[in-house]
Amino acid sequence: YAGDGARHRLRDPQQFEDLEEAHSASLQGTSTTVTDDGVVRFGDSLLLLNHSTEVLLQADISRPIQVVDDSHSQLKEFKSYHLSTAKVLQPCARNTFGVARADRLDAYG
């Protein structure tokens with residue numbers, strides 16, 4: 001089995017060591033937002049459940065992707081990651097998502 005996991009995609013040993021360090025850092029515990037009213041607000045930190053797999057969404061840090069925001073006048077580039085699911089059920093940097101506006105200049109600003 002040749003596989004397509006992170007260990008098979010990385011050819012350089014230093015690249016693998018860097019990924020191991022990043023992976024360890026991404027599993028450090030984080031906090032989530034708790035509210036009494038159940039309302040989600042901008043700035044909240046959430047865990048997102050995939051109802052098909054019944055586990056949490058998480059970022060796959062082994063495969064970063066550069067995304068260009070063509071709606072921005074300066075065509076800003078951002079690093080993004082594929083999402084997958086896994087049985088890491090404690091909040092950590094890999095599976096905690098922040099709620100933010102998609103467009104800061106929207107009509108609700």
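1. Which element of the protein chain has the lowest mean pLDDT, and which the highest? Helix H1, covering residues 6-9, has the lowest with a mean of 47, whereas strand S1, covering residues 45-46, has the highest with a mean of 94. This is a predicted model, and such values should be kept in mind when the points below are read. Over the protein chain the mean pLDDT is 78, with 76% of the residues reaching 70 or more. Residues 6-10 form a stretch where pLDDT stays under 50, and for this stretch the model has 14 contacts beyond four places in sequence.

2. On the overall make-up, the secondary structure of the protein chain comes to two helices and five strands, and the elements follow one another from the N terminus in the order α-α-β-β-β-β-β. The protein chain has 109 residues, of which 15% count as buried. Where contacts in the protein chain join residues at least 6 apart in sequence, 59% of them join residues at least 24 apart.

3. On the sheet, three strands form an open arrangement in the order S2-S3-S4, and their pairing is antiparallel. Strand S2 (49-50) and strand S4 (77-86) each have a single partner strand and stand at the edges, so one side of each is left without a neighbour in the sheet.

4. How many bridges pair strand S3 with S4? Strand S3, which spans residues 55-68, is paired with S4 in the antiparallel sense over ten bridges. With a relative accessible area of 32%, Arg 63 is partly exposed.

5. On the pairing of S2 with S3, the two strands run antiparallel and are joined by two bridges, and in this pair Leu 49 stands opposite Leu 56 of S3. The hairpin of S2 and S3 has four residues between the strands. Glu 54 lies in the loop between S2 and S3, and its phi is near 60 degrees, which is a positive value in a residue other than glycine. Is Glu 54 buried or exposed? Glu 54 is exposed, because its relative accessible area is 64%, and exposed residues are those over 50%.

6. On Thr 96, this residue has its place in the loop between S4 and strand S5 (97-98). Thr 96 counts as buried because its relative accessible area is 17%, and the cut-off for buried residues is under 20%. What does the side chain of Thr 96 reach at 2.8 Å? The side chain of Thr 96 reaches the backbone oxygen of Cys 92 at that distance of 2.8 Å, and a polar contact of 2.9 Å joins the side chain of Thr 96 to that of Thr 30. When neighbours within four places in sequence are left aside, the residues in contact with Thr 96 include Thr 30, Ser 31 and Thr 32, together with Ser 45, Leu 46, Leu 47 and Pro 91.

7. On charged pairs, the count of salt bridges comes to one. Arg 41 forms a salt bridge with Asp 37, and the closest N and O atoms of the two residues are 2.6 Å apart. How accessible are the two partners, Arg 41 and Asp 37? Arg 41 counts as partly exposed at 40% relative accessibility, and Asp 37 is partly exposed as well, with a relative accessible area of 47%.

Note on methods:
Residues numbered from 1 in each chain as written. Predicted model: local features only at pLDDT ≥ 70, side-chain atom pairs only at ≥ 80, totals over all residues. Heavy atoms only, no water. Pairing = 2+ DSSP bridges. Salt bridge = Lys/Arg side-chain N within 4 Å of Asp/Glu carboxyl O. Buried < 20%, exposed > 50% of the residue type's maximum accessible area, 1.4 Å probe, protein only. Contact = heavy atoms within 4.5 Å. Polar contact = N/O pair within 3.5 Å; in protein donor to acceptor, adjacent residues only side chain to side chain. pLDDT = per-residue confidence, 0-100.
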